[in-house]
Structure formats: C-alpha cells, structure tokens
Amino acid sequence: MKHEALLEVRSLRKYFPARRGILSRARWVHAVDGASFIVEAGETFGLVGESGCGKTTILRLIMRLIEPTSGEAIFTGEDIFKMSRERLKWLRSQISMIFQDPHSSLDPRMTLADIIAEPLKMRGLRKAKQRMKRVQELLERVGLSKAYVNRYPHEFSGGQKQRIGIARALAVGPKLILADEPVSSLDLSIRGSILNLLRELQGELGLAYLYVSHDLSTVRHFCHRTMVMYLGKGVELGPTDDVYLEPLHPYTKVLMSAIPVPDPAAKVTRKSLKGEVPSSLNPPSGCYFHPRCPYAIPTCSEKEPDFVEVKQGRYVACHLVQ
C-alpha cells in the first residue's frame, strides 16, 4: 500500500571548509554530496554505509542543526531550509531525535521528570501537574515505572537510559523520529527489546523513522526500505529484503557478503575490496566507487552515474546496472 511522502530529500549537499594554512586555498570536505530519498508516513527508512559516508550529517541537516550547501528537504510540503525561526519551533514538535549514546545524551544533573518534561515546557505546557502526568504516561509507554520520575540517569542501565531517550523523543507527539544508531552502544541482548519497542510505538502512534546504522543485521530486521550510501552519495535504494537478497550495486554486494552468519557450519563467500575509501576532500572523478570497483569500465571514471529507477522501487547509481 502506497503512503504519502512525509519527508522528501532532494539533491542534498553539505560541504565543510577545510584549510591547512592562512595562505592556502579553500578546500571542501564533501560530507553529503547529492543524496535524494523519500520517507513515507508510517514507514521505517534505513540509511546504511561505512563510517564517514554522511549518514549522521543528513540527520543534522534535517533538524537544521547545520545549514546545507544546497538541496531541499520537503517536510509535509514545506522546505525545511526555508523555514523561519517560528516555523522551526513547529518543525521540532513534528520531528524528534534519538541519539546514539544514551549516556551522554541525558543531563546527569536532571531528574527523569525534568528531562522528559523539558520539551513539554518548550511547547507551552505550563501546568506542572499536567506535565508530570504526561511524563508518567510516557515512562510507562516505554516500559519503565512511573515511580522513577525523581531518579537521575546514573541510576539506570544503558538500555533503560535509551528508553528514557525514547520517552523524551515522544513527548511532543512527533510524526517523524530520526534515530541515529540508537542500539549500537547497547548489549546484544538489549538491542532486540529496544527495536521491538520502537516497532510497537510505530504501530500505536503511526510514527515514521529515519534509521541510521552501520549494523546491517538490525537494519534488515527493522527497516521497510533502505538506502546504501558511499562517500556522501546514495548508490542503491529499495525494499530492504530486495536490497539484502538481491543487491545490484557492486558496493552493496560487498556489504551484504560481510554480514555475519550465526552458523559455524555455513559456507560463506566473502567479497573484498581493493584499496582504501577515497578522501572526501578530493573525491574521484566519475563514479566515486570506481577506484575500488572490480567491474569498473572506462566510462565509470569519466561520467558520474545517475541515481535512477532500474526496476520497480529499485534505484541504483551504476553504469553497468543501468
């Protein structure tokens, strides 16, 4: 069933300045270099790729924590990058964020009541009794006791702290939650319970998630559609099972072959890449992946491939596939 587009990112770019000295010419780190995708209402959209490929920078751009070099991010029909300060206040009631490190994302000097109630105050809920009632409801919704309201973050485990972070993200009733590797710092035994909680909340509240991770196993378990990124660009996008079971881009094939198989008797053929990831200060010409691609042809180094639909719902940036 087709849903409406909640967030549409178009040709998003973010270049950071990098200088070596006062007299040297300006150089630019291509952190995000032309990413495009759509997050539909009620779905979980995954961004995967190696560290440094621009995943977290995209989240920071969508939240307007940093400004883009170019591109658009259309949320419910309005460009986030053209919003006034007043409209940004509204935006941050519609989009919330769950952070990677639950330990550093919670202020150790604040009680749970203060942490979760802070966004409610910013939204204008002035009455303390109403805020406390809402805080208690949120704690119970994420699987914690409402009796914890006056405790401090150091009294909780990592998994419980992430539940607190989720409760804070839910406080303002958002439509979209940006999840920046929310289970990467947790024990394996805890990861499944947090992902299951997020899925339950999605079903109850109709939430959409933009889920960033380098853990391919959790992305397959959790995401409806996935985009694979390489050096700031999307190289493949499609339904998650299709991307995992039938990868089309050479880089995606290598990534999928690296997923651990929990069976010591299973015969697994690993694919490896030659060379190192190119510098985002001086990206290659043409296709950014061509210096490491085992199937590269002369066109790959000369012309950048378009990110196009090669079959229904499957988008790939590769001359050979196209």
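# Briefing: Cysteines, Helices and Strands

The sulfur of Cys53 lies 14 Å from the closest cysteine sulfur, which belongs to Cys223, and this is too far for a bond. The structure described here is a predicted model, in which local features need pLDDT of at least 70 and side-chain atom pairs count only at pLDDT 80 or more, while totals for chains, interfaces and linings use all residues. Residues are numbered from 1 along each chain as its sequence is written, and side-chain values use heavy atoms, with hydrogens and water left out. Helices (H or I, at least four residues) and strands (E, at least two) are DSSP runs, numbered from the N terminus.

**Cysteines**

- A disulfide is a covalent bond between the sulfur atoms of two cysteines; the criterion applied is a pair of cysteine sulfur atoms within 2.5 Å.
- The structure holds 0 disulfides.
- Cys53 is buried, with a relative accessible area of 3%; "buried" means under 20% relative accessible area, "exposed" over 50%, and "partly exposed" in between (1.4 Å probe, protein chains only).
- For Cys318, the closest cysteine sulfur is that of Cys293, at 6.3 Å, which is too far for a bond.
- Cys318 also counts as buried, at 8% relative accessibility.

- Helix H4 comprises the 14 residues 128-141, and at 1.5 Å a residue it should span 20 Å; the expected span is 1.5 Å times one less than the number of residues.
- The end C-alpha atoms of H4 are 20 Å apart, in agreement with that expectation.
- Arg131, Val135, Leu138 and Leu139 are the buried residues of H4. They cover an arc of only 100 degrees around the axis, which puts them on the same side of H4; the arc is that of the directions from the helix axis to the C-beta atoms.
- On the other side of H4, the residues Lys129 and Lys133 are exposed.
- Helix H3 (112-122) and helix H5 (158-170) are the elements against which the buried residues of H4 pack.
- After H4 comes Gly143, which has a positive phi, near 90 degrees.

**Leu120 in helix H3**

- Leu120 is located in helix H3 and counts as buried, at 6% relative accessibility.
- Leaving aside neighbours within four places in sequence, Leu120 is in contact (heavy atoms within 4.5 Å) with Leu125, Arg131, Arg134, Val135 and Ala171. Arg131 and Val135 are among the buried residues of H4.
- Between Leu120 and Asp241 there are 121 residues of separation in sequence and 38 Å in space, C-alpha to C-alpha.

**The open sheet**

- Four strands make up an open sheet: its 4 strands have the order E2-E1-E4-E5, with antiparallel pairing. Strand E2 (27-40) and strand E5 (78-79) stand at the edges with a single partner strand each, so one side of each is left without a neighbour in the sheet.
- Strands count as paired if DSSP finds at least two bridges between them; strand E1 (residues 5-18) pairs with E2 in the antiparallel sense over 11 bridges.
- Within this pairing, Glu8 has Ile38 in E2 as its bridge partner.

- For strand E3 (residues 44-48), 5 of its 5 residues are buried. Thr44, Gly46 and Val48 lie on one side and Phe45 and Leu47 on the other, and both faces are covered.
- Strand E8 (residues 208-213) runs parallel to E3 and is joined to it by 5 bridges, with Ser213 as the bridge partner of Val48.
- Strand E9 (residues 225-230) also pairs with E3 in the parallel sense, over 4 bridges, and Arg225 in E9 is the bridge partner of Phe45.

- Strand E11 (residues 308-311) and strand E12 (residues 314-316) run antiparallel and are joined by 3 bridges.
- Val308 stands opposite Val316 in E12.
- The two strands form a hairpin with 2 residues between them, and Gly313 in the turn has a positive phi of about 80 degrees.

**His290 in a loop**

- The loop between helix H9 (250-257) and helix H10 (298-302) contains His290, a residue that is buried, with a relative accessible area of 17%.
- Not counting residues up to four places away in sequence, His290 touches Pro284, Ser285, Ala296, Cys300 and Ser301.
- A polar atom of the His290 side chain lies 3.3 Å from the backbone oxygen of Ser285.

Definitions and conventions. A polar contact is a pair of N or O atoms within 3.5 Å; within protein, one must be able to donate a hydrogen and the other to accept it, and residues adjacent in sequence count only if both atoms are side-chain atoms.
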